[in-house]
Amino acid sequence: MSNKTFDQIPLLDLKEELKLIRSSILDHVSDVIDSGNYILGNKVESLEKELAKYLDAPYSLGVANGTDALQLSLKALDIGSGDEVITTPFTFFATGEVIAQEGAKPIFVDIDEETYNMDPTKIEEAITEDTKAIMVVHLYGQVANMKEIMDIAKKYNLRVIEDACQAIGSEYEGERAGAIGDIGCFSFFPTKNLGAFGDAGLVVTNQKDLYEKIASLRNHGSEEKYHHSSIGLNSRLDEIQAAILLVKLSHLDTFLANRQGIARRYTEHFTGKLTCPPAIESREHTFHQYCVELDNRNELAAELKNNGIASAIYYPIPLHLQEAFQYLGHKEGDFPISEKVAKRILALPIYPMLSVEKQDYVISVILNFLENKG
Ligand SMILES: *Cc1c(COP(=O)(O)O)cnc(C)c1O
């Protein structure tokens with residue numbers, strides 16, 4: 001198939017979206033520059049308020065990035081050396097990294113084949129007397145099986161940290177991702193569904209004591225200037241990023257609806273031919289990624305590339321097989337579902353301004369490939 005129609009279709013293209021918001025963003029950034037107040041000021045406070053409302057979480061704190069949000073959560077829960085934290089091996093590296101960073105041990109639990117998230121039926125066998133928390137990830141924007149996970153956490157008195165970095169606006173039985181467990185963590189890395197023009201992140205919680213702890217921890221463990229009650233981080237959010245995020249937040253629901261519409265069209269065309277992301281009743285998937293699963297994933301990726309269409313693999317190596325985690329002593333076969341999915345998954349272009357013509361082109365290249373080589 002020739003590629004005369006479009007130059008390239010990237011995985012994510014923010015140029016069209018930028019046209020819509022550019023002048024408003026420049027106005028707000030200009031206000032910040034004139035204010036002379038650049039870190040943890042009015043814009044950050046407004047953003048925290050708006051996002052608390054959006055997520056229906058009582059407390060929210062802007063931080064420097066999503067990784068810090070996760071690390072601050074562990075610190076606030078006093079999790080460290082000698083403790084174990086249960087998490088998924090099928091995620092971005094940061095999820096496991098912060099657990100190790102705090103001196104605790106990541107204990108992996110394999111995923112289920114439907115949601116690609118932690119399989120609740122495998123959690124109980126991973127719990128020991130050192131287990132302190134479950135760090136659950138809502139991968140690609142699909143919320144994990146939170147009812148089962150919260151029930152187990154309650155039974156064993158464990159804390160739940162949600163890595164909702166890919167799931168802003170996603171829902172589970174009417175509750176927003178990140179606002180279900182003890183603490184929810186978000187990333188506003190530029191490619192996320194709500195992206196800043198640099199690094200930024202957020203922590204939400206429904207508990208006042210955790211809110212107060214994290215407020216201090218993000219600022220060197222200090223509540224009063226030059227008095228430090230604990231060892232914290234420099235993880236403050238700056239005003240320019242908050243101003244940009246406030247503008248983008250006002251478009252978020254429209255942009256998420258666009259993603260869902262594109263996902264629906266992809267699924268309509270691919271059902272029965274490829275494994276598509278499931279639409280689960282009473283959950284809202286926000287499609288940070290639209291990933292399909294197939295045997296000859298690498299061949300499809302090559303065919304897409306030949307036709308000017310980008311694709312990507314999230315993630316090619318599960319955490320238990322990462323060099324950095326060799327010290328945990330895992331081997332191939334330990335988490336078979338994660339390993340299998342890592343070999344079969346492929347992310348297709350999806351972004352709010354992906355035109356119908358481009359969607360059609362992606363669909364036709366894929367259907368053509370499946371007819372010939374599927
Ligand atoms: C992006 C991401 C992070 C890290 O966020 P940063 O803002 O890049 O630090 C953590 N976990 C998951 C699942 C992510 O997708």
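User: Which residue in S8 does Glu 162 stand opposite?

Analyst: Strands here are DSSP runs of E with at least two residues, helices are DSSP runs of H or I with at least four, and both are numbered from the N terminus; two strands pair if DSSP finds at least two bridges between them. In this predicted model, local features need pLDDT of at least 70 and side-chain atom pairs count only at pLDDT 80 or more, while totals for chains, interfaces and linings use all residues. Residues are numbered from 1 along each chain as its sequence is written, and side-chain values use heavy atoms, with hydrogens and water left out. With that in place, Glu 162 stands opposite Gly 184 in S8, and strand S5 (residues 159-163) runs parallel to strand S8 (residues 183-187), the two being joined by 3 bridges.

User: What is the strand order of the sheet, and which strands are at its edges?

Analyst: The order is S1-S9-S8-S5-S4-S2-S3, an open sheet of 7 strands with mixed pairing. Its edge strands are strand S1 (59-63) and strand S3 (105-108), each of which pairs on one side only. For angles, axes are lines fitted to C-alpha atoms, for helices over the stretch in contact, and the values run from 0 to 180 degrees between N-to-C directions. With direction ignored, neighbouring strands of this sheet are turned by 25° against each other on average.

User: How should I read the crossing of H2 and H7, and which hand does the crossing have?

Analyst: A crossing is left-handed if the near helix is turned anticlockwise from the far one by less than a right angle, and right-handed if clockwise. H2 passes H7 in a left-handed crossing, and the axes of H2 and helix H7 (residues 239-249) come within 8 Å and cross at roughly 35°. Among the residues that meet are Val 44, Leu 47, Leu 51 and Tyr 54 in H2, and Ala 242, Leu 245, Leu 246 and Leu 249 in H7. The residues of this contact divide into 9 nonpolar, 2 polar and 3 charged, where Ala, Val, Leu, Ile, Met, Phe, Trp, Tyr, Cys and Pro count as nonpolar, Asp, Glu, Lys and Arg as charged, and the others, Gly among them, as polar.

User: How many salt bridges does a search of the whole structure find?

Analyst: Side chains of opposite charge can pair when their charged atoms come close. The criterion is a side-chain nitrogen of Lys or Arg within 4 Å of a carboxyl oxygen of Asp or Glu, and the search finds 21 salt bridges. One of them joins Glu 16 to Lys 19, with the closest N and O atoms 2.9 Å apart; both residues lie in helix H1 (residues 15-35), 3 residues apart, about one turn of the helix.

User: Which parts of the chain does the pair of Glu 48 and Arg 218 tie together, and are these residues buried or exposed?

Analyst: Buried means under 20% relative accessible area, exposed over 50%, and partly exposed in between (1.4 Å probe, protein chains only). The side chains of Glu 48 and Arg 218 meet in a salt bridge at 3.0 Å, N to O. Glu 48 lies in helix H2 (residues 42-55) and Arg 218 in the loop between helix H6 (208-217) and strand S10 (222-224), so the pair ties together parts that are 170 residues apart in sequence. Glu 48 is buried at 10%, and Arg 218 is likewise buried at 10%.

User: Where are positive phi values and a cis peptide bond found?

Analyst: Most residues other than glycine have a negative phi, and most peptide bonds are trans. Leu 40, in the loop between H1 and H2, has a positive phi near 45° and is partly exposed at 27%. Asn 157, in the loop between helix H5 (146-156) and S5, has a positive phi near 60° and counts as exposed at 70%. The peptide bond from Tyr 314 to Tyr 315 is cis, with omega near 5°, and Tyr 315 is found in the loop between H9 and H10.

Methods
Contact = heavy atoms within 4.5 Å.
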